[in-house]
Amino acid sequence: MSWLRMERRAQLVPQARMAGPVPWVIAIMVALTTIAAAGGLALGNLAQAARAELSGGLTVQIVEADPAERERQAELAVSLLANVAGVEKAQRVADSELRALVEPWLGEDMGAAGDMVPVPALIDVRLSGPVTQAKLRNIRSLLKAQAPAAQVDAQSSWLAPVFSAISSLKWLAAGLVILLGATSAAAVWLAARSALGTNRATIEIVHLLGGSDGQIARIFQRSVGIDALLGGVAGALLGAGAVLLLGQQFAALGSGMVAGGGLGWADWLAIAGIPFAGVLIAMFTARLTVLAALRKML
Amino acid sequence: MTMPEGDIVQFDNVGLRYGAGKEVLSDISFTLYPGSFYFLTGASGAGKTSLLKLLYLAQRPSRGAIRMFGTDVITLPRARLPAFRRRLGVVFQDFRLVQHLSAFDNVALPLRVSGVRESEITRPVAEMLEWVGLADRADARPATLSGGEQQRVAIARAVIARPDMLVADEPTGNVDPELALKLLRLFEALNRLGTTVVVATHDLHLLKNVPESLIMRLDKGRLSDPTGALRYPPRRPFSRIEEEEAL
Ligand SMILES: Nc1ncnc2c1ncn2[C@@H]1O[C@H](COP(=O)(O)OP(=O)(O)OP(=O)(O)O)[C@@H](O)[C@H]1O
Ligand SMILES: [Mg+2]
């Protein structure tokens with residue numbers, strides 16, 4: 001207690017707040033780590049949301065130029081599918097929704113064009129379990145006879161490359177977070193060592209006056225910890241700002257899929273932990289460095 | 001101060017070499033008794049500072065045994081050494097003041113290291129600075145003090161915590177003879193309160209000013225005993241400077 005007071009009254013280690021390299025190194029590292037972690041978490045959420053939505057899904061397209069025939073086969077397919085075991089739901093995608101989907105490519109005025117450019121009828125099928133190759137084959141052969149224009153695709157199958165890309169990115173982000181953490185630790189270690197070098201005389205004097213290793217390490221730990229906290233908070237604000245900005249831009253895309261990639265409160269909580277992890281790493285390395293140096297003195 | 005063996009320091013056949021060099025101290029054996037006043041003399045380079053470093057636990061001997069306050073300090077675990085160092089007051093030959101601390105905070109350092117309450121620090125430190133004539137320089141940094149002023153800060157720091165043993169390396173090397181005597185009186189006052197005092201000096205003038213003192217003399221790393229200081233009970237107190245001058 002009195003040691004803490006001592007530090008307040010008489011700074012044993014001259015503290016040049018935000019002047020040394022430690023706070024800035026920590027600020028940059030925390031900002032980068034925050035962005036990488038937020039990216040990783042968002043990608044994870046995105047993958048999970050999309051997978052949950054699509055894993056039990058099939059799409060049946062009726063590719064038929066003649067509108068009447070297309071309509072007939074579509075109706076037939078829906079009623080056939082409804083009776084297949086394991087199918088939870090088979091529903092026509094409403095024409096209006098379909099138009100909205102193709103509008104960007106075909107232009108707004110679909111009145112005449114809608115008849116001229118044949119748009120396939122879409123049936124959204126939801127299975128109770130995941131889509132397997134066997135189920136897929138089963139449904140294809142069922143439809144083949146009665147609705148020859150039907151094309152059956154698992155929704156996840158055409159998204160598979162996207163999933164694997166997202167998952168790679170997620171791991172890349174995790175790797176980045178680990179690398180940045182290690183780099184921060186190394187940078188803080190070097191900074192703590194240089195601080196130790198410039199304060200070596202002081203350490204030796206306090207040591208000779210009967211200061212214990214714990215006392216001396218505590219002074220450095222606190223000094224580095226305060227620096228790290230300042231840098232960490234600055235870095236976290238910077239990183240969070242960048243993440244929010246990116247999030248807004250993605251939200252502006254309005255795509256349902258990207259919306260699934262938002263950050264929940266648990267994610268933000270994890271991100272808020274990053275600067276504190278930085279402070280802990282800084283204090284821990286400072287402590288180890290000082291103790292190692294002291295152990296060389298009698 | 002209760003010493004089971006009645007001694008405060010015991011060296012037994014101690015030798016010291018720095019690195020792979022030759023021994024700078026050889027076959028050092030002596031006993032220091034509580035409450036005594038010792039001078040350690042010898043030519044420059046004779047090993048006075050080296051011997052004191054062993055005394056204030058800044059250096060391990062290359063061989064031999066050292067007991068302090070009744071405990072073998074050679075085999076003592078590192079973690080227990082700070083408690084021993086806090087019982088010592090040291091005036092380093094090169095002062096070793098903390099450069100970014102004021103004179104006041106430098107003098108207060110041993111008290112703060114020992115966890116003395118802040119309310120019990122201000123007055124004694126101020127009084128001590130007054131005593132060494134630096135009351136008006138309490139806020140000065142060491143770099144802005146003269147050599148003699150720095151030396152007085154170092155002395156004030158060494159005695160502020162009323163150590164069981166005071167170890168002073170050339171404590172009057174940078175001050176005028178008058179001030180030297182005044183500082184010597186401070187050591188004597190402390191000595192009368194029970195502190196064992198060891199002063200390394202080659203200022204023979206000092207010796208005759210402490211009639212009860214005992215003389216240890218280093219010659220090329222070996223100890224001689226002109227006043228019988230190393231025997232117990234001491235043969236007789238050193239009282240006549242002629243004897244020392246004859247050496
Ligand atoms: N750190 C060291 N490394 C190597 N040799 C040293 C070291 N310190 C002292 N010496 C050597 O040990 C011998 C004794 O030195 P020491 O400083 O103990 O002498 P001293 O009696 O205190 O001299 P002075 O009166 O000049 O202060 C000298 O030969 C010196 O060169
Ligand atoms: Mg010396």
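The model is predicted: local features need pLDDT of at least 70, side-chain atom pairs count only at pLDDT 80 or more, and totals for chains, interfaces and linings use all residues. Residues are numbered from 1 along each chain as its sequence is written, chains are lettered from A and ligands numbered from 1 in the order in which they are written, and side-chain values use heavy atoms, leaving out hydrogens and water.

**Chain A overall**

- Chain A has 11 helices and four strands; these are DSSP runs numbered from the N terminus, helices being H or I with at least four residues and strands E with at least two.
- Of the 298 residues in chain A, 40% are buried (buried is under 20% relative accessible area, exposed over 50%, partly exposed in between, with a 1.4 Å probe and protein chains only).
- Among chain A contacts (heavy atoms within 4.5 Å) with a separation of 6 or more, 85% join residues 24 or more positions apart.
- Chain A exposes about 15,700 Å², with 66% from carbon and sulfur atoms (Shrake-Rupley method, 1.4 Å probe; for residues, only the protein chains shown count as cover).

**Helix α6 of chain A**

- Helix α6(A) runs over residues 133-146, and its 14 residues should span 20 Å at 1.5 Å a residue; the end C-alpha atoms are 21 Å apart, which agrees. The expected span is 1.5 Å times one less than the number of residues.
- A:L136, A:I139 and A:L143 are buried in α6(A). They cover an arc of only 70° around the axis, which puts them on the same side of α6(A); the arc is that of the directions from the helix axis to the C-beta atoms.
- Cover for the buried residues of α6(A) includes β1 (57-62), α3 (67-82), β3 (121-127) and β4 (150-154) of chain A.
- Exposed residues A:Q133, A:R137, A:K144 and A:A145 sit on the face turned away from the buried side of α6(A).

**Magnesium site in chain B**

- B:T49 (OG1) and B:Q93 (OE1) coordinate the magnesium ion (ligand 2) at 1.9 to 2.3 Å. Donors are N, O and S atoms within 2.8 Å of the metal (3.2 Å for Na, K and Ca); water is not among the atoms, so sites may look incomplete.
- B:T49 lies in helix α1 (residues 48-55) of chain B and B:Q93 in the loop between β6 (88-91) and α3 (103-113) of chain B, so the pair ties together parts 44 residues apart in sequence.
- B:T49 counts as partly exposed at 24% relative accessibility, and B:Q93 counts as partly exposed at 41%.

**Contact between the chains**

- Chain A gives 26 residues to the contact and chain B gives 27 residues.
- About 2,300 Å² is buried between chain A and chain B, 63% of it from carbon and sulfur atoms (the accessible area, 1.4 Å probe, that two parts lose on being put together, summed over both).
- A:L208, A:L209 and A:L298 supply 35% of the area that chain A buries against chain B, more than any other three residues.
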